Every structure is written in C-alpha cells, then in structure tokens.
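Welcome to the tour. Please open your viewer and have the selection tool ready.

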Amino acid sequence: MNQGNYHVVRHSKGWALKGENSHRATSVHKTQKDAIIAGRSAARKRSSELIVHGENGKIREKDSYGNDPCPPKG
C-alpha cells in the first residue's frame, strides 16, 4: 500500500522531510541525520520509499520499505 515516497531535502532551517508532490515540509530538522531517522519511520509506516538528497540536491541514496518491485533473488 504505497501512499507516496518521502524525500529528505535541504531547507532554509536545516533539513526537511517532504512527501512526494508536496509543497510543504512534513517536518524540519537541524541535521540531515535527524531528518533521515524521521523519514525512515514515516516510510516504514506507509510502506514507501525514502529518497535522501545531498547538499547539491542530487539523490544520494534510496531505501525501500514496502513492496519492492524488483527484489533481489536468493
């Protein structure tokens, strides 16, 4: 039941957790680490993906907490 992915992005007050296609931040944190912790929790609850962006805005990492469309074999 994927209800939208979450993104950790730079914010004027630190780092923000934003829902996909959302203009407003779900939460704002002083550090990227805190935003990632909040994002993991939210993504797990919604069986979605967490996408972490670096300082430059480029995607740094992705974590899937739901039905992965391409799970590894084995």
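Start by selecting H11, which stands opposite G14 in β2; strands and helices here are DSSP runs (E, at least two residues, for strands; H or I, at least four residues, for helices), numbered from the N terminus. This is a predicted model, where local features need pLDDT of at least 70, side-chain atom pairs count only at pLDDT 80 or more, and totals for chains, interfaces and linings use all residues. Residues are numbered from 1 along each chain as its sequence is written, and side-chain values use heavy atoms, with hydrogens and water left out.

Next, show β1 and β2 whole: they pair in the antiparallel sense over six bridges, where pairing takes at least two DSSP bridges between two strands.

Now colour the strands. You will find an open sheet of five, ordered β3-β2-β1-β4-β5, with mixed pairing. β3 (25–29) and β5 (59–64) are the edge strands, each with a single partner, so one side of each has no neighbour in the sheet.

Finally, select Y6, V8, W15, L17, A35, I36, A42, A43, L50, V52 and Y65, the largest nonpolar core. Such a core joins buried Ala, Val, Leu, Ile, Met, Phe, Trp, Tyr and Cys residues through side-chain atoms within 4.5 Å, buried being under 20% relative accessible area (1.4 Å probe, protein chains only). α1 gives the most to this core, four residues. Stop at I36: leaving out residues up to four places away in sequence, I36 touches V8, L50, V52 and R60.

Technical notes
Buried means under 20% relative accessible area, exposed over 50%, partly exposed in between (1.4 Å probe, protein chains only). Contact means heavy atoms within 4.5 Å.
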